[in-house]
Amino acid sequence: MSPVLGLRGGGARGDAASTPPRHVAIIMDGNGRWAKARGLPRTFGHRAGINALKRTVEAAPDHGIEWLTVFGFSTENWRRPVSEVTELMKLMKAYVSSDLERLEREGVRVHIIGRRDDLAPDILEVIERAERRTRDNDRFHLQVAFNYGGRSDIAEAARRYALDVSNGQATLEIGEAEFERRLSTAKGPAPDLIIRTSGERRLSNFLLWEAAYAELVFQDVLWPDYGSGPLGEAVAEYQARERRYGGAEIDDVLATG
Ligand code: IPE
Ligand code: IPE
Ligand code: MG
């Protein structure tokens with residue numbers, strides 16, 4: 001956190017090299033290509049992707065990470081064939097329900113962000129149960145972005161803000177902090193590091209507001225092959241960077257006064 005600039009963030013200005021990223025967010029991409037390379041249907045890639053997610057959640061605390069946000073389904077992923085969407089919904093439900101007991105026991109707090117109005121009642125039930133059962137945990141935070149879009153989240157925050165103004169609970173004197181409190185990610189710090197796997201170099205509507213000062217790392221590994229090794233490499237790359245938040249390079253400041 002930079003007290004000078006008031007940015008929500010884990011790493012301090014100028015010393016990223018000595019501090020692991022407190023909050024890592026991952027665009028888990030490449031399941032389809034992983035399956036295609038093996039002559040398998042795309043759904044096999046998604047199933048293998050769940051195992052990669054389990055490995056990554058398990059490994060994250062060992063890398064000094066406290067918050068992990070993963071992009072599981074975007075507001076644009078409804079454009080895929082119905083059979084694939086159905087499989088992704090089923091996998092989300094199966095992952096949360098099968099791993100809930102372990103996550104609960106291991107002190108993981110689960111947060112699910114994204115639009116809930118288009119989700120089926122059985123998925124909503126699983127999501128709400130996971131959040132309820134883990135709400136007192138604080139050893140590690142797993143935030144799953146599901147039916148999430150950065151633009152939709154910003155629009156929703158604007159709608160909530162307008163509602164608060166019309167109810168007399170907010171004034172028109174809006175600052176960044178008051179707006180940010182209405183985003184679905186407000187419970188946690190801003191991401192220090194955003195990783196995208198599979199070689200694609202874009203955000204695809206992920207954490208648009210929150211990404212303002214995140215370090216971006218793009219890795220060629222396809223998501224089903226992910227785990228502690230590639231995560232460690234991304235963390236090392238992050239730690240070799242200097243975060244400046246618009247300021248000057250720290251050595252130059254010290255040299256020139
Ligand atoms: C990521 O893998 C999983 C989701 C987007 C749900 P993809 O399914 O996008 O895999 P590619 O990009 O087609 O290889
Ligand atoms: C982003 O990946 C969404 C998730 C990883 C859940 P996509 O595969 O949907 O993104 P594009 O279409 O390549 O931009
Ligand atoms: Mg993709």
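The following legends describe close-up views of a predicted model. Local features require pLDDT of at least 70 and side-chain atom pairs pLDDT 80 or more, while totals for chains, interfaces and linings use all residues. Residues are numbered from 1 along each chain as its sequence is written, chains are lettered from A and ligands numbered from 1 in the order in which they are written, and side-chain values use heavy atoms, with hydrogens and water left out.

**View 1. The residues around ligand 1.**
The shell (residues with a heavy atom within 4 Å of the molecule) consists of Met 28, Asp 29, Gly 30, Asn 31, Gly 32, Arg 33, Arg 42, His 46, Gly 72, Asn 77, Arg 80 and Leu 88. By class, two of these residues are nonpolar, six polar and four charged; here Ala, Val, Leu, Ile, Met, Phe, Trp, Tyr, Cys and Pro count as nonpolar, Asp, Glu, Lys and Arg as charged, and the others, Gly among them, as polar. Helix H1 (31–37) and helix H2 (42–59) are the elements that give two or more residues to this shell. H1 supplies the largest share, three residues. Helices (H or I, at least four residues) and strands (E, at least two) are DSSP runs numbered from the N terminus.

A backbone N or O atom of Gly 30 lies 3.3 Å from an oxygen atom of ligand 1, and for a backbone N or O atom of Gly 32 the distance to a ligand 1 oxygen is 2.9 Å. Ligand 1 sits in the largest pocket. On a 1 Å grid over the protein atoms alone, a pocket is an open set of points where a 1.4 Å probe fits, with protein on both sides within 12 Å along at least five of seven lines. A molecule sits in a pocket if more than half of its atoms lie within 2 Å of its grid points.

**View 2. The surroundings of ligand 2.**
Ligand 2 is surrounded by Ile 27, Met 28, Asp 29, Phe 71, Gly 72, Phe 73, Asn 77, Arg 80, Arg 196, Arg 202 and Ser 204. This shell has four nonpolar, three polar and four charged residues, and strand E2 (residues 67–74) gives the largest share, three residues. Oxygen atoms of ligand 2 lie 2.9 Å from a side-chain N or O atom of Asn 77, 3.2 Å from one of Arg 196 and 2.6 Å from one of Ser 204. The protein covers 77% of the 390 Å² of accessible area that ligand 2 has on its own. The space taken by ligand 2 is the largest pocket.

**View 3. His 23 in strand E1 (residues 23–27).**
His 23 counts as buried because its relative accessibility is 3%; buried means under 20% relative accessible area, exposed over 50%, and partly exposed in between (1.4 Å probe, protein chains only). The side chains of His 23 and Thr 69 are joined by a polar contact of 2.7 Å.

**View 4. Thr 134 in the loop between helix H4 (121–133) and strand E4 (140–148).**
With 0% relative accessibility, Thr 134 is buried. Its side chain reaches the backbone oxygen of Ala 130 at 2.8 Å.

**View 5. Arg 243 in the loop between helix H7 (228–239) and helix H8 (250–256).**
Arg 243 is buried, at 3% relative accessibility. The side chain of Arg 243 makes polar contacts with the side chains of Tyr 238 (3.0 Å) and Tyr 245 (3.2 Å).

**View 6. Asn 147 and Ser 198, two residues with positive phi.**
Asn 147, in strand E4, is not a glycine but has a positive phi of about 55 degrees. At 1% relative accessibility, Asn 147 is buried. Ser 198 has a phi near 80 degrees and belongs to the loop between strand E5 (193–196) and strand E6 (215–218). Ser 198 is buried too, at 8% relative accessibility.

Key. A polar contact is a pair of N or O atoms within 3.5 Å; within protein, one must be able to donate a hydrogen and the other to accept it, and residues adjacent in sequence count only if both atoms are side-chain atoms. On a 1 Å grid over the protein atoms alone, a cavity is a set of points where a 1.4 Å probe fits but cannot get out, and a pocket is an open set with protein on both sides within 12 Å along at least five of seven lines; lining residues have an atom within 4 Å of a point. Accessible areas come from the Shrake-Rupley method with a 1.4 Å probe; for residues, only the protein chains shown count as cover.
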